[in-house]
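Please keep both open and look up each residue as it comes along.

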Amino acid sequence: MFDVLIFGGGVSGVSCALILGSAHKKDFARDKKIGLFTHQKASALQDAVFYNAYGINSGKWGSELLTESTLQLQLNYPHVEQIANEKVLKVSKTDSGFEILTNKNIYTSKIIVVAIGSSNLFSIDGLEQYIEPHQKSLPEKNRIQLKNTDHFVDDGIYVAGTLAGHRSQLAIAAGSGAAVGTDILVLWNNGFETHVHDSLR
């Protein structure tokens, strides 16, 4: 049983995982089991190049970011389990959380974070009832989002990135994933506001 399973190894998904992973020294997060599905064959980052993203060297390829970010997660927070080459097909509600069916395995988790793209090809059984037209995308693009209030979809379900209704910018996606990660930390900390920062002090 995972405490959190994140669907999507792009900007928002990895950002969420980095925040959750970085809290491992806090008592309320020390024994939490976190997983990340890194299946990203259709990621828009595969064709991206960046000149306008804060902290990213000009000319950085999105495909490099995909590789470097999951390596960063592995090196800094190896307790976050990265699940490669598996695609989520179905989510079912259970008494203790969710059952997640992939093309290869079945997992259980108390919380899920859906951090995949906003394509209308979205095809995860069990989440269709939350789909609505994307509020900030051009109608002709046929983008979708999951109904949410500040990333919260339903009990135990969060959404991040463009699928949360945000525009397609790397900085926005990263912030969205970090926001979800921080909200989950607050949940684990019994509702008390909490932050995870590295510092020289």
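**Notes on the model**

1. Thr70 belongs to helix 2 (residues 62–76). Helices (H or I, at least four residues) and strands (E, at least two) are DSSP runs, numbered from the N terminus. Thr70 counts as buried at 16% relative accessibility, where buried means under 20% relative accessible area, exposed over 50% and partly exposed in between (1.4 Å probe, protein chains only).

2. A word on what you are viewing: this is a predicted model, in which local features need pLDDT of at least 70 and side-chain atom pairs count only at pLDDT 80 or more, while totals for chains, interfaces and linings use all residues. Residues are numbered from 1 along each chain as its sequence is written, and side-chain values use heavy atoms, with hydrogens and water left out.

3. Now for the aromatic rings: searching the whole structure gives four aromatic pairs. Rings of Phe, Tyr and Trp (its six-membered ring) pair if their centres lie within 6.5 Å; planes under 30 degrees apart count as stacked, over 60 as edge-to-face and the rest as tilted. Phe37 and Tyr107 form an edge-to-face pair, because their ring planes stand at 80 degrees, with the centres 5.4 Å apart. This pair links distant parts of the chain, since Phe37 sits in strand 2 (residues 34–37) and Tyr107 in strand 8 (residues 106–114), 70 residues apart. Phe37 is buried, at a relative accessible area of 2%, and Tyr107 is buried too, at 13%.

4. Which residues do ring pairs link into a cluster? They are Phe2, Phe7, Phe37 and Tyr107. Phe2 also has Lys33 lying over its face, 4.5 Å from the ring centre. A charge sits over a ring if NZ of Lys or CZ of Arg is within 6 Å of the ring centre and within 35 degrees of the ring normal.

5. Phe152 and Tyr158 also make an edge-to-face pair, because their planes are at 75 degrees, with ring centres 5.6 Å apart. Phe152 is partly exposed at 34% relative accessibility, whereas Tyr158 is buried at 8%.

6. Next, please look at helix 1 (residues 11–22) and helix 3 (residues 170–188), whose axes come within 7 Å and cross at roughly 35 degrees. Axes are lines fitted to C-alpha atoms, for helices over the stretch in contact, and angles run from 0 to 180 degrees between N-to-C directions. Residues making the contact include Ser15 and Ile19 of helix 1 and Ala174 and Gly177 of helix 3.

7. Most residues other than glycine have a negative phi. Asn85, though not a glycine, has a positive phi of about 60 degrees; Asn85 lies in the loop between strand 5 (81–83) and strand 6 (88–94) and is exposed at 52% relative accessibility. Asn190 likewise has a positive phi of about 60 degrees without being a glycine. Asn190 is in the segment after helix 3 and is exposed, with a relative accessible area of 68%.

8. Finally, find Gln169 in the loop between strand 12 (157–159) and helix 3. Gln169 is partly exposed, with a relative accessible area of 41%. From Gln169 to Ile100 the separation is 69 residues in sequence and 29 Å in space, C-alpha to C-alpha.

How values were computed. Contact = heavy atoms within 4.5 Å.
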